[in-house]
Amino acid sequence: MNINRAASILLPLVFFLAFFQESVDGRPLSLSLLRPKPDDAARFARWLVSQSSWGVLNTIASDMGGAPFGNVVSFSDGLPDKGRGIPYFYLTTLDPTARNALKDQRSSFTIGEYAIGTCGKTDPENPSCAKITLTGKLKVLNGDPKETSFAQTALFTKHPEMKGWPKSHNFQIFKLEIEDIFMINWFGGPKPITVDQYLQAKMDSRMAIA
């Protein structure tokens, strides 16, 4: 192998490994949808939800006197880079989260950008490393068959192992009906985003990196 050919192979590999080293969770970053500019709040929020695969889902624990119960859960809002912005979950009542939601639907779901590896070496609490909390009602999805099919495809595509989870555990698809959005993705406090602005934001593969 001549030197020029070797260099053409090794240099991209070196750059890839250097980039991959920046990832904090070992999950390769999807480059098909670039990080939006922080001032494009609605699109940024949709990007953060679309690129994430897990977060902390908080429910009201009636058996703990109404205390909040936070649980790390996997989710999906749609096929990769084509999400609808609505988080779907695959839950069982063997877990407190589903049991809590069936008694009291009030819930919130928090996602941090640090987990997807796009904050570099920035501390997770730095305002430039985004975080978002979606608050609303966590409901069992048992109505529209088209939405059920969409949600199942979304979940099983992003989390293939879910297909093999024990049927005896009676997993059900839940969705969070969003009523409020809190997001910090830069200095100066939370960005004002309405639910309509969030849901109507268009995902664009040509989004500019901040």
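Let's start with the surroundings of Ser 107. Leaving aside neighbours within four places in sequence, Ser 107 is in contact (heavy atoms within 4.5 Å) with Asn 58, Thr 59, Leu 134, Thr 135, Gly 136, Leu 138 and Leu 176. Ser 107 sits in strand E4, residues 106-112. Strands here are DSSP runs of E, at least two residues; helices are runs of H or I, at least four; both are numbered from the N terminus. Is Ser 107 buried or exposed? Its relative accessibility is 5%, so Ser 107 counts as buried. Buried means under 20% relative accessible area, exposed over 50%, partly exposed in between, with a 1.4 Å probe and protein chains only. The Ser 107 side chain also reaches the backbone oxygen of Gln 105, at 3.0 Å.

A word on the model. It is predicted: local features need pLDDT of at least 70, side-chain atom pairs count only at pLDDT 80 or more, and totals for chains, interfaces and linings use all residues. Numbering runs from 1 along each chain as its sequence is written, and side-chain values use heavy atoms, leaving out hydrogens and water.

Now the whole chain. There are five helices and six strands. The order along the sequence is α-α-β-β-β-α-β-β-α-β-α. Of the 210 residues, 40% count as buried. Take contacts between residues at least 6 apart in sequence: 70% of them join residues at least 24 apart.

Next, helix H3, residues 96-103. Which of its residues are buried? Thr 97, Ala 98, Asn 100 and Ala 101. They lie on the same side of H3, because they cover an arc of only 160° around the axis. That arc is taken from the directions from the helix axis to the C-beta atoms. The cover over these buried residues includes strands E1 (54-61), E2 (67-74), E3 (88-91), E5 (131-140) and E6 (172-184). At the start of H3, a side-chain oxygen of Asp 95 comes to within 2.9 Å of the backbone nitrogen of Thr 97.

Asp 95 and Thr 97 come back in the lining of the largest pocket. Also in that lining are Asn 71, Val 72, Val 73, Ser 74, Tyr 90, Leu 91, Thr 92, Met 162, Trp 165 and Phe 171. A pocket, on a 1 Å grid over the protein atoms alone, is an open set of points where a 1.4 Å probe fits, with protein on both sides within 12 Å along at least five of seven lines; lining residues have an atom within 4 Å of a point. E2 and E3 are the elements giving two or more residues to the lining. E2 has the largest share, four residues.

Note on methods: A polar contact is a pair of N or O atoms within 3.5 Å; within protein, one must be able to donate a hydrogen and the other to accept it, and residues adjacent in sequence count only if both atoms are side-chain atoms.
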